[in-house]
Structure formats: C-alpha cells, structure tokens
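Hello,

Here is the structure I promised to pass on to you. Please open it first, and then read my notes below with it on your screen.

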Amino acid sequence: MFKTHDKRVSMSFRSYVGFNDQENKDVDIGLEENFDETLNTRLLAGEAVVAEAQNVLMFAPLSEKKGKSGILTVTNFKLSFVTTEERPRDERGLQENLLLGEYDVCLANVDEIYQMIDKDKRRKMMPGNNISGKVKGLYIVCKNMRVIQFSFKFSPVGHGKTLTNALLHHAFPRKHHLLFAYDFRERYYNSQGPVTMFNEKKDWEKEIRRTGAVGWKLSDVNQGFQLSTSLPQCLVVPDALVDYQLTEAARHFRCNRPPTWCWSSSHGAALVRMADLLPTITDRTPENIMLENVRKGHPQRTQPELMELTQDLPSPKDVYGSYCKLRDLCTPDNVRQFWIQDNHFLSQVESSKWLTTVSACLTKAAKAATFLQDNITVVLQEADGRDMSCLISSLTQLLVDAHFRTILGFQTLLQKEWIAMGHPFCSRLGHILNPEVQQSPILLLFLDCVWQLLRQFPSAFEFTETYLTTLWDCAHITVFDTFLFDCEHERQNASQDQSKKITLRSLWDWGEQFLEKDIALFRSPLYHPSKSEAVLNVLCSLPNLALWSQCFFRWIPILELKAGGYPQIDLGVRALHAQIDYLREQLAEAKAGERTSNHRLCAKLSKQRVTSFFPFSATIDPVISPALLNSTLALNNSFVSNEALLDSQSLLNAPD
C-alpha cells in the first residue's frame, strides 16, 4: 500500500505497520541529487509527489519545544513533513492513522494558509493565487483546529515558493474528480459489515420492521432519482399517499423534497422531514395535502406537530460564522496572545454563539422527543431539508431510541439521516473550492451536541468522545466516500463514470485506518445497555453545557493536564474492567500462565498516567512504556467489538 519517496526502496503497508513483507519493489522517481536519503515520504498507492522543500523547520505554535528539521512535501493527498526526529509508531503512545504520518495533514483538512512576513506578522493567501516572491514561512490552520508553522529559512532558494504554490493549488481543488479518492489505487474488499447503508430497498424495510412503523409504506417513485436527486431512491411515505400525488406535490417543495419518514415509536407517532415550499408559491394547498396524509398515517389520526427549523435555528452561514470565531479562539498565534484571550475567554466564547447554537439544537430535539413520547407525530421543516433537519432528526432519535446509542446504531443513523437523505457534505465541509456554495461544519455541530449527551449520560452510550473526535478528523480524509458527496445521486454517478473511476470505501471499516489498540478506545467502559434509559431527558440550558476540550483544545499544550482529566479516569475504569475479566478467568479455571500474565498487565495499566488530551497527545508519563499500554489495550477484547468496528480487514489481508 505504501511506497517510500526514495530511489532505492518502497515500503509496503504491511511492513509499515509491522507485518512481514518480502515483495517490496524498487521505485525510481528521479529525485534531485541533494535529496536526504535518510528521509522518505511514505506514499499510498496512487499518491504522487507534487512539490518538495528540503531543510524545512516545523514549529507547533504555543509549544515550548524547538522546531524540527525535515523535508516538507505536497502530494495529491496530503501535506507531509518527515523528520529524523520522528519516533517509531509503537513508542508514541498516541492514536495513529495508518494512512497518515505523525506530522501529515490531509489536504482536505487545510482551512487557511498564511504567509509568514516576520516572526509575529502573517498575511492570508487566497486559494488558486500564485506567489512570485520569496516565501519565508507558512502558517497553516486546519479544519480540526490544528495549527502548524513552517520556516524555509534554511531551504534552498525557491523551494518555499514552489511548495506554497503547489499547496495553494492542490489543497483547494475546483473539481470533485481532483480529490484523492479518484486516484487511490489500493485494492478494496467491499465489506459493509453490519452497518445498514440505506442505499437499497431492503435496508428501509429492515428499519420499518425494527421500529414497528404503522401507517407508512415504501415507494419507488424516486427510482432513478426522477423525483429528487437529493433524496434516496426508496422513500417511506404515508400509506394513504398515491405515487402521482407525491410526484405532483414534490415540485412545490424546495429540492423536490416532500414529507418523508425517518422513525416511528411503538405507539404510532412518527418523525418526518420535509423542505419548505418554493418561495414563488403562495398557495399552501400542496403542503396541507401532504400534512393531511401524514396525519392519516397515525393510528389515532392525531394532528402532527409542525416544527419550523428555518426560523428557530441558525442558518448554515450563521453556523459557519460562529465556527470561525470559535476556531480563532482555539488557534492563538503565540503564548502571549493565548494569555490575552484568556482574560476574556468566557466573553469571547459567548460572542462566538457556538454554545448558544448547541443549546438551541438540543432544546429543539428535546422538544421533538417530548412530542413523540406523547404519541404526537413530529414534522421537521427546513429550507432545503438537508442541514438542520439532519441534525435535529438525528439528535431526537438518539434521545428516544437506545439502538442509536451503540456504535453500530450511531453509524447506521448517520447513513440514514445524513448520507442517504442528502446532507451536502462536499459543500459544507469545503472539499471543493466553490464561492457559490456555503461552507459550514453542520456535522461538527451535531457531534458537539452528541458529546454534550455523553457528558450527561456517560453509561448510556457505547461510544466515547475519542470516537466522536476521530470521526470529525476522518471526515476530512478524502480516501473514503462516506462524507465525500453532496447526495446519493452524485455518489452513484461517480461510481459509474468510467472516465473518472472511483472505488467507494466506507469510513465505517475502521480497520482500514487504525489498529485494534486505537479502536479499543472507541468503546466506553462505562456503557451498560441494560441500564440505559429508554428516553434521555437532556439538560439544554447554557449552564449545563461545556466546551468540547478534547476536540477543540487538544493542539494547545498549555491547557493539557498531565495525569488528569477524563482520559485518566477512562484508563482507570478500563484497568478495573480488565481486572474483573482476570477474576472471571480465575473463576472459570483458566490456565495459570495466562492469568498471571494478564494480571500483571492489568496491574501495570492501572499505574499508567496519561494526559487530558490522550490519545491525541504524545505526552505520556512513562511509568510504563507506551508500547505496553498499546498492547494492553489491544488485548482487552472487552472494549473491542469486532463485528461493529472491524467491518473488514481489507488493508491488513490484501496482497500488495
């Protein structure tokens, strides 16, 4: 899978992650004579070097550590920094993505690029522009709030300018087929596993049976996307609705999105989504006809509750503005600016309105959940029905349906409410540079809302905040198609276009990116399905909310607590669970040698101290080695659900 940017040798995926491989092939890519042969940029199959700068210094703002020297490379997939100071993977003690190196950033994760004028002054560079003069250094802000600074002070003449122009061009592509997923040539064994993808009729039938929905039926009226390109081909609509009525009514709604079913309670109340009427239409008769059919879908013919999200919640543009203010607060230039911001931190958080928006979303979802509890059907109506309706519908189902609080259920929920129902991920995540579409991290807002639920109900969710943070990071890795398209129609067209062939790879195959010791941290040791409440009564007001420190602050070393914070508690709970497993093995008369070995590992694990940003921080107090911590987590099968998380072993088992 991997090859090294070297004259002599390539490195396969298996040798890269520690597996034996005897089939490495030589690669001659015509490097410059002064290339440092001790530093090799690892390349994926189909990845190509675009530009390279040697003798580059890398700095992490706010870090007291000196800069690292190495080679900076721009490929068609990532911005890669390779240094002789890079530690072996098994000695870092932090999460590692197998597709990226320790100092690599996927191009889709690059948010803003600044040119360093002097030590404390920088100038923002616009995508697509060419720099003609000398470039002293770069300051890069990522969408996951990571900040990296590079200096070309010791680089050969012209290297900084060449690399900067390449980065400005390739980090902001203007066409979808320029994303790396179209170039990635690694073999893939498509194994969707137990995650329901909702791209076939049987998937919707399965969900109707699971929820016990009555008064609703499947319709093929959108086969071939004839009704709406942003909706799935199979729709769940009221029983009383005839296809020609649905077709006639759909043209009156924005994006041709009439009322469609999402979820039903055991008593018959349903959760429904629909778009606003077109602004040119003043006659609301088509809408009333649709709502009347929704009413007839209820066993008691109860009038549905219409919740207008457009008026009550921020627009995608407002969410983006709020995110930018929060991002600026979480990415200070230097220590001095950090302490200046710290004096007014709470007021700046308030002015960003991020937590206010989180509170509003939770309040709306809690209100919808209350109606469903009272056996009243809820209809969520919003502009195009593709942004806040995804968020509120998903949050509501998390509150009322414990199935979606499992890892498998949560991934299924995202497939159903976001991917199949056409949330415009490509536009909102900014994969493509297009001034005519609004970039907005609606997904991050949703994950933050879910994290607030985790804080209030730690034993109700199978997944952890590490899982949520990782999910946000992986949304910007353009290898997987899960968050790559604006709708299912675009995904299907791309997969069928022979001129721009793309292999669809599911993000839910976590084994493609992480080893078991990392996946183990996705599952909460506090989760207890039998004790999980049927309905979660969330506290939505601002005093009950907090900033998601692991996601937002993990790149700020000043805020890091050593041997403290939730990760330390989490690790302690895992150690207790491991000791319980050991005692169970004793009671089952397991082999003495295995019991003794596991017991020693558990005892040492309980003494391990980590930081508050673990596993995203490499700073570990070495009471025991990170390698032992990693092996212990990998062996603790109580926290690894192979069926739900390791959907395929395509990369581990695939031949080179």
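**The largest cavity**

Thr464, Glu465, Thr466, Leu521, Gln550, Tyr566, Pro567, Asp570, Arg574, Phe614 and Pro615 line the largest cavity. Two elements, helix 15 (465-474) and helix 19 (566-587), each give two or more residues to this lining. Helix 19 provides the largest share, four residues. Helices here are DSSP runs of H or I with at least four residues, strands are runs of E with at least two, and both are numbered from the N terminus.

Before going on, please keep in mind that this is a predicted model, where local features need pLDDT of at least 70 and side-chain atom pairs count only at pLDDT 80 or more, while totals for chains, interfaces and linings use all residues. Residues are numbered from 1 along each chain as its sequence is written, and side-chain values use heavy atoms, with hydrogens and water left out.

What is a cavity? On a 1 Å grid over the protein atoms alone, it is a set of points where a 1.4 Å probe fits but cannot get out, and its lining residues have an atom within 4 Å of a point.

By class, five residues of the largest cavity's lining are nonpolar, three are polar and three are charged. Nonpolar covers Ala, Val, Leu, Ile, Met, Phe, Trp, Tyr, Cys and Pro; charged covers Asp, Glu, Lys and Arg; the others, Gly among them, are polar. Domain 2 (201-554) and domain 3 (557-633) each supply at least three residues to the lining, with bounds that come from an automatic or database domain assignment.

**Backbone points to look at**

Most residues other than glycine have a negative phi, and most peptide bonds are trans. Two lining residues, Phe614 and Pro615, are joined by a cis peptide bond with omega near 10 degrees. Pro615 sits in the loop between helix 20 (592-607) and helix 21 (626-635).

Asn55, in strand 3 (residues 49-59), has a positive phi of about 55 degrees although it is not a glycine. Phe225 also has a positive phi, near 55 degrees, and belongs to the loop between strand 11 (216-219) and strand 12 (235-238). Are these two residues buried or exposed? Asn55 is partly exposed, with a relative accessible area of 40%, whereas Phe225 is buried at 6%. Buried means under 20% relative accessible area, exposed over 50%, and partly exposed in between (1.4 Å probe, protein chains only).

**Two buried residues**

Asp401 lies in the loop between helix 11 (388-400) and helix 12 (407-420) and counts as buried at 10% relative accessibility. Its side chain reaches the backbone nitrogen of His403 at 3.0 Å. Not counting residues up to four places away in sequence, Asp401 touches Arg210, Trp263 and Ala534, where contact means heavy atoms within 4.5 Å.

Ser359, in helix 10 (residues 354-373), is buried too, at 11%. Leaving aside neighbours within four places in sequence, Ser359 is in contact with Cys540, Ser541, Leu542 and Leu545.

**The whole protein**

The protein has 23 helices and 16 strands, and buried residues make up 58% of its 656 residues.

Best wishes

Definitions and conventions:
1 Å grid on protein atoms, 1.4 Å probe; cavity = no way out; pocket = protein on both sides within 12 Å on 5 of 7 lines; lining within 4 Å. Polar contact = N/O pair within 3.5 Å; in protein donor to acceptor, adjacent residues only side chain to side chain.
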